[in-house]
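Here is a short report on a helix, a helix pair and a chain contact. Look at the structure first, then read on.

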Amino acid sequence: MEDLDNDNKKVKVEVRNLVKVFGSKPEKAVELLKEGKSKAEILDATQQNVALNNVSFDVYEGEIFVLMGLSGCGKSTLLRCLNRLVEPTSGSILVDGDDIPKMNEEELLNFRRHRIGMVFQSFALLPHRTILDNVAFPLEVQGMPQEDRHKKAGEAIELVGLAGYENSLPSELSGGMQQRVGLARALAGDNDILLMDEAFSALDPLIRREMQDELLDLQERVNKTIIFVSHDLDEALKLGDRIALMKDGTVVQVGTAEDILTNPETKYVEKFVEDVDMAKVLSARDVMKRPEPLVSINSGPNNALHLMEEFGISSVFAVAKHRKYEGLILVDDATEAKKKGLGLETIIKKDIPTVTPDTPVTEIIPLVADSGIPIPVIDDEGKVKGIIIKGSVLAALSRMEV
Amino acid sequence: MADQSYAIFPKIPVGEAVEYIVDWIDTYFGWLLDAISFILDIFVSVIQDVLLFIPSFIIILILAAAGWYVTDRDWKMPVLIAAGLLLVQNLRLWPEAMETLALVISSAFVALVIAIPLGIAASRSDTVDRLLRPMLDFMQTMPSFVYLIPAVIFFGLGNVPGMIATVIFAMPPAIRLTNLGIRQIPKELNEVADSFGATPNQKLVKVQLPVALPTIMAGINQCIMLALSMTVIASMIGAGGLGLNVLIGIQRVDIGMGFEAGLAIVIIAIILDRLSQNVVKSTGQ
């Protein structure tokens, strides 16, 4: 991990003593907070819900800062305070020296238009607009003429690798592609700060990891200040230059992934991260790779051999319609079958071990360790969801042991 | 013997109070009522004259083409529309049908001009919503005939009081569904508008109305259908059109006449419903 020399970094966002209380009489709750009462005591006494309790931290320019915690810990509320989708009750948020909670309506509008962008968990694309017009939305709101905003939106679409889909509707795109659109929309306005609220949580695991890699690639090029909310420790460790671990509306620890793993400051952090180096936390879906290649059971040995040659492997999984798992074809058997002119169903091996997406990695390790062949991941409906090879398990485990 | 024990309390003069209020409005706001009456009369007459001026086969062609267009070039809809309208024409009910259509179009238009802004206001403010809700309940549960009485008192007999009663009767679903449509928009879509710095008006025009459009269109469809059903009832206070033929049929116990007019109303109802419903579908995508 690169050494972050914090003294040389410019502070982009400075959050000090931020408090958010949901309820009709927040002043009372704030007073009790000052007296040192806990969140639960205040809820009992006043019916006021303390969502953020005296939160302070800095975010440096050009880093990915992850707000991490279990659901209900206040991380999404905190993120929304930064662009005042949620009005903070007290405290200050300085962005390049400007205090966000003190801004009047017009200043806030300009801040949101030109300095901060947001990516949402549910993608939140406008269903009636094309991809191009979705991405151009922030520019349209600024009053940019159509030609200019389409040009800029086109560039942002290209940046996230969706060129060619400009005129599609959101409903025609897969989840991963939709979130790229969400990302392009947040990038279109050239705003310095990007808020990402559980941006990849709604995606399936394979796509999620792909998107995480792409965000890191993209960040190399655009160098934004990204504040990323996540409940997934794996994601936080992978993306975050620094991580703030939250619990019950407070920030428990801020530090690099390494700090948090090696020097947990409280019992809570310790408990949170102690699972990390255990293969138990991971299941098959976290370590599987795309089910490629697959050969149709109805095609012939020629096709199977061709696929194996193309992918440089010595076996290939055979499937029926809708990716229903059938069995494994080995290269030697396929060559034999080709000579004798037999079909694939005669040489298929059905007795190899399979796992479900929820099988823990601890159970998978012995399977991959003593057999040279890959293991198919089969879901409840009998479909092939992914393939596990020895390398991908080891890679996943080593990634966890930062 | 009937139980008369409640008679020890004097009757609360609800009816008298309403009469008094109506009199008062009539005396002091007569000029306003006259102005409204004048404008609405011109509005409905112009539409009626235009519909009657255009040769019937051209109207049939236009409506059939509209059916073809909204169903995404399906041939069944225009054929059914044309067949229905030709039947109306054959029954010698064309002028009455156009008169009814003019009343429906003008009433629904006025109702929507009032209802959609009210629905938007209700979606933005919980207070407006709370105030409006009991009024809408009242408007929807009150027997529709009751609207006819004040309409007659304020506007006399004819098409205008019929329109007024129709407007009141047809408004509630459009208000409710506009309100509902906007309130149902996912929270994150509203946040998109806010987080990128949209003004409240930009948010309404660029996000809320387009996203809520399918629901709002369903409200418009309901509004049109209720307007049609009310224009028929409004014939009791002198509104013209097919409803009048039904009324005469009832009064003379002339089954044939009543049935023919009723059939024509059904045909128009189906055409209006299918056209507006398919607009809903095509805007929903």
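Helices here are DSSP runs (H or I, at least four residues) and strands are E runs of at least two, numbered from the N terminus.

This is a predicted model: local features need pLDDT of at least 70, side-chain atom pairs count only at pLDDT 80 or more, and totals for chains, interfaces and linings use all residues. Residues are numbered from 1 along each chain as its sequence is written, while chains are lettered from A and ligands numbered from 1 in the order in which they are written.

Helix 14 spans residues 301-311 of chain A, and its buried residues are Pro301(A), Ala304(A) and Met308(A). Seen down the axis of helix 14 of chain A, they fall within an arc of 60 degrees, so they line one face of the helix. Just after helix 14 of chain A, Gly312(A) has a positive phi of about 65 degrees.

The buried residues of helix 14 of chain A pack against these elements:

| Element of chain A | Residues |
|---|---|
| Strand 11 | 294-296 |
| Strand 12 | 315-319 |
| Strand 13 | 325-330 |
| Helix 15 | 331-340 |

Now the chain contact. 15 residues of chain B are in contact (C-beta atoms, placed from the backbone, within 7 Å) with 15 residues of chain A. On the chain B side, the largest share, six residues, comes from helix 9 of chain B.

Conventions: Buried ≥ 20, exposed ≤ 12 C-beta atoms within 10 Å, placed from the backbone. Arc of directions from axis to C-beta. Contact = placed C-beta atoms within 7 Å.
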